[in-house]
Amino acid sequence: MLENCGGDNGDDERWSLHPDEASQTKFRQVSSIVCMPPPDQVLENVLEIVLCFLTSHRDRNAASLVCKSWFRAEAQTRQELFIGNCYAVSPARAIDRFRGVRSLVLKGKPRFADFNLVPLGWGARFSPWVAGMSPAYPWLERICLKRMTVADADLVLLARSFTSFRDLSLLSCDGFTTAGLAAIAENCRRLRSLDLIENDVEDDEDEVVDWVSRFPPGKTCLESLVFDCVGFAVNFGALEALVARSPRLRRLRVNDYISVGRLCRLMSLAPQLTHLGTGSFSTFEGEGDFRAILESAFMASKSLVCLSGYRNLAIDYLPTIYPACANLISLNLSYAQITADMLGPVITRCHNLQTFWVLDSVRDEGLQMVAATCKNLRELRVFPLDPTEDSEGSVSDIGLQAISEGCKHLESILYFCQSMTNAAVVAMSNNCQDLLVFRLCIMGRHRPDHLTGEPMDEGFGAIVQNCKNLTRLAVSGLLTDNAFSYIGKYGKSVKTLSVAFAGNSDLGLRYVLEGCPKLQKLEIRDSPFGDAGLLSGIHHYYNMRFLWMSSCKITLTGCKEVARRLPHMVVEVIRDRPEDDSGSFMEKAYMYRSLVGPRNDAPPFVKLL
Amino acid sequence: METEVGKKEDELPQLLDLISNEEDWFKGDVGRGDGHILGDLEEEKLELTLAPPGGEGREKLEKLSSALSSAGFSKIANSLYKNTVVGAQLVFFDSAKPNAEASGFQKDNFVPLPLPVTANFGKESSLEANMRMNQSHERGVHSAPEDGVLVKNRSQIRLTSSPVVGWPPVRSFRKNIAINSSKISDVLQNAGTLENRLRSETSNKGFFVKINVDGIPIGRKLNLNAYENYEMLSSVVEELFCGLLSESFYFTVSCTGMGEDAKRAFTGLLDGSGEYTLVYEDNEGDRMLVGDVPWDMFVSTAKRLRVMKNSELSTLFLGAVNKKRADEC
């Protein structure tokens, strides 16, 4: 039915859209056709049908640029609205253009907010968005927010406004309490997933609301319930009853107030689970020994592919998961302080593992075990048990080298260590050419290669050179401008770059800004890049989502120059203290393109240029 | 571009002069590039036996750390915010450390001197770094892997003494893991019901209380066990909510340098001399001024904190507080 669409405008009389075919389209917003419509209308109708099949927002953005007709058709049919920077556009403007949105993805604060670099109250409030969408998108089904400030009142309004609401994902958000969760539980009758991941839930101890009890009685549609970040006890009886009446439940991640005894009961009620967050994974006083029961629960859960939790792991209980290991695709042990000996029996059973998060307490030896068994590993994250600069390094270049030799299909790695060598990083670049994400954090600032004393330039250079698909890179250790020249020269696919305590001069920044055409997100801290480097990116900033520079050498003059030359850039200067000296360096500068100019909700410590 | 770089070079010599005056503290082959001074003092209190060669380094260390602690360690973070060459700052802090103590604990001890700002400097520093690396490798004693207890205590201390905000880039809920997981077995021996277990777990994790500032809808949580006295608490509170308080607050106190001026800045919250005052609610539900009771008692009874505007303070509850004081007398 769609073969000749988008073709010649002059031949529209040859074919028409049969009324039956029109009704067969799954997309109701296409105007129904009763009789032969005018040619323009036909084209637009057809276009709308075709565009249904375009789901990627990048493809849709491209399609909308073809001509006005395409712009309109695309705007009518876009169902998922992805906004990577909530300040790049206003709610009113987005709602005005896209009338049929069913799903919203909205991201707020810059990533460095995760590390306390963005003062409280900076912004990214969800309130204006939900207020605007409430009347405009009655059919909204899905909201996914990342690093936004979400108030309880927002959740209440959400729950009351969208009767078909199904999926709520909050990642790294803050501002809400269990009262907000209660509103969601109570009012969203079609709720399919409630995923709370790494949020800061802000209750007082004595004001915690029993939100789990608020789910309506009777069978629920719940497929996913993730609440491991909610730091308050839940009503276990209510949780148990909820799981019992949620036959579709596939993902359950509980918080660390759930002991193994309770976990057993939940698992027995939901043997169909695919993703399990195990909570505390220890016994509470007086509970007794649940090892046998737990082991049989894991044996019975044949669908389990993803395990996480282990917030207070009782080591005697770790063997109970052995029966499930062979099926595991994803295992997160990053809260469990285990040694290589404890890891061994687990990991040697995990032949199918693709995602593995672990603490560096397993040491290089543990990583060697991973490399020996997990031949299909795609993503590895090694977190530091002691996240300080002078802690004793538990993993090193040895572990990285082993991983590179054993896990050739590795696509993503985040590795915290105290020391590294260029040789190991080069080895990884040669062995793991599928790498998309390479994030190496040498925790001690300015650490060189610990064997040769050289800067880490060659290692990172090899990564960008050999891993042609690399899109995300985070660098650390002692780095000169050479490292950045490599990134600029070879990092042609790099979209996200994180820099800290690196480089010698403006040249470093210039290399990157002039050399990386796909660069979208650049975050830099504590590096000696100044105004000249900043201004060398003028040609590219409109193609980027944002640039963050803190504790560098840029000045107010430089920032103002950017603002002057790029009228659609919003340049924010964030101050922790009032500046006495106007010639001094900017503490924090955050700049991003925007269709709506400087925001009107900036707090006093943010200056908009 | 060249002229701007030239200006920076003019600034650098001043910082280098500063360092050379501190020669007697600065031992040439000392490692380390950050300011864990308070952390080291804590380690001495733990009586760790990796002994430095002589005692004189310790005295100087104590002098420096007491000077710094009167200003609150957040000043270290602030001075890193100030726009000086980062590397030189690192060296300055480093100069206070006795060198063998540093070598006993850390393996990769070196610091580039200073942080390379221009290409020339960069080359020198990596050479110097190389030299240092070799020296410290030859001389350094590599400690055996510490047992779990030591790691725990060190991580507890390190978390409060790290001077650089947001580094390493690990989210706050990933800190304290060592403390949590190893304490559980002790806790479970003693705990009764689930609620008791949760409560004692809280007190072992570090005592988190919620803190709000008037006019700011979002609160934060602070770990009271992480601080030792009211000055530290006050400085952390100020830093946590900095920028949100009205600008006049900063103009009434001067925040330059360490010492007396800084002291005045930080007591603004505790003695009512600024525009805001720190109050807390205790386990009996009463509102109290922070600073009245001994620190340990405060930590054990405080349930939540609030930074209140002085105008609201006087009308609301000073009467009640005075009454409480009178009762206690």
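My entries below go from ground rules to rings, charges and helices.

**Ground rules.** I am working with a predicted model, where local features need pLDDT of at least 70, side-chain atom pairs count only at pLDDT 80 or more, and totals for chains, interfaces and linings use all residues. Residues are numbered from 1 along each chain as its sequence is written, chains are lettered from A and ligands numbered from 1 in the order in which they are written, and side-chain values use heavy atoms, with hydrogens and water left out.

**Entry 1: the annotated domain.** I looked up UniProt, whose unreviewed entry puts "domain: COI1 F-box" at residues 40-79 of chain A. Its positions are in the numbering used here, feature names are shortened, and annotations may be inferred rather than shown by experiment. I found that residues 40-79 of chain A are 75% helix and 0% strand, with the end C-alpha atoms 23 Å apart. Helices (H or I, at least four residues) and strands (E, at least two) are DSSP runs, numbered from the N terminus.

**Entry 2: aromatic pairs.** How many aromatic pairs are there over all chains? My search of the whole structure gave 22. Rings of Phe, Tyr and Trp (its six-membered ring) pair if their centres lie within 6.5 Å; planes under 30 degrees apart count as stacked, over 60 as edge-to-face and the rest as tilted.

I checked A:Y87 and A:Y592: the ring centres are 6.5 Å apart and the planes lie at 25°, so this pair is stacked. A:Y87 is in the loop between strand 1 (80-83) and helix 5 (91-97) of chain A, and A:Y592 is in strand 20 (residues 588-593) of chain A, so the pair ties together parts 505 residues apart in sequence. Both A:Y87 and A:Y592 are buried (under 20% relative accessible area; exposed is over 50%, partly exposed in between, with a 1.4 Å probe and protein chains only).

Next I took A:W211 and A:F227, whose centres are 5.5 Å apart with planes at 85°, so they are edge-to-face. A:W211 is buried at a relative accessible area of 1%, and A:F227 is buried at 0%.

I also noted one aromatic cluster, whose members include A:Y87, A:W122 and A:Y592.

**Entry 3: charges over rings.** The charged end of A:R599 sits over the ring of A:W122, 4.4 Å from its centre (NZ of Lys or CZ of Arg within 6 Å of the ring centre and within 35 degrees of the ring normal). The charged end of A:R311 sits over the ring of A:Y335, 3.8 Å from its centre.
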